[in-house]
Amino acid sequence: VVTGPPVTVKVLTEPARSTVYLGRTFRGSGGVTMQEPRGTQAQVRCSAEGHVDGTVAVTWDHDKTVTCRMRRRSKCVDGLHNPFDDCPDAGPVSSP
């Protein structure tokens, strides 16, 4: 039930330079403040190039700050070892 005066929620994002959506509506970049009626419940989505979208469930019950976290997309190439991502093993390196 949505009642009462507006409540402010500040949405931080990781990584910081990300876009923030409430439903399908663009609301700003990381650090945006959103004001909704007290009692509103919604999923906030954050998006950044090269990352898998993140979401955070928010209830506008009191003024607060929340963080929406994304994870970097894995970059895997067959036959190459990527030390930074969880890719299938490339196997032993053969000499010419």
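This is a predicted model: local features need pLDDT of at least 70, side-chain atom pairs count only at pLDDT 80 or more; totals for chains, interfaces and linings use all residues.

Here is a short tour of a sheet, a residue inside one of its strands, and a peptide bond in a loop.

Start with the open sheet, which is made of three strands in the order β4-β1-β8, with mixed pairing. The edges belong to β4 (residues 32-37) and β8 (residues 64-69); each has a single partner strand, so one side of each has no neighbour in the sheet. On average, neighbouring strands here are turned by 35 degrees against each other, if you ignore direction.

Now zoom in on one pairing: β1 and β8 run in the parallel sense and share six bridges. To see one of these strands meet the other, find Val9, whose bridge partner in β8 is Lys64.

## Val11, tucked inside

Next, look for Val11, which sits in strand β1 (residues 6-14). Is Val11 buried or exposed? It's buried, because its relative accessible area is 0%, and the cut-off for buried is under 20%.

Leaving aside residues up to four places away in sequence, Val11 touches Val20, Gly30, Gly31, Val32, Met34, Val44, Val66 and Cys68. Take Gly30 from that list: Val11 and Gly30 are 19 residues apart in sequence, yet their C-alpha atoms are 6.2 Å apart in space.

## A cis bond in the loop

Finally, move along to Pro15, in the loop between β1 and β2 (residues 19-22). The peptide bond leading from Glu14 into Pro15 is cis, with omega near 5 degrees.

Definitions and conventions. Residues are numbered from 1 along each chain as its sequence is written. Side-chain values use heavy atoms; hydrogens and water are left out. Helices (H or I, at least four residues) and strands (E, at least two) are DSSP runs, numbered from the N terminus. Buried means under 20% relative accessible area, exposed over 50%, partly exposed in between (1.4 Å probe, protein chains only). Contact means heavy atoms within 4.5 Å. Two strands pair if DSSP finds at least two bridges between them. Axes are lines fitted to C-alpha atoms, for helices over the stretch in contact, and angles run from 0 to 180 degrees between N-to-C directions.
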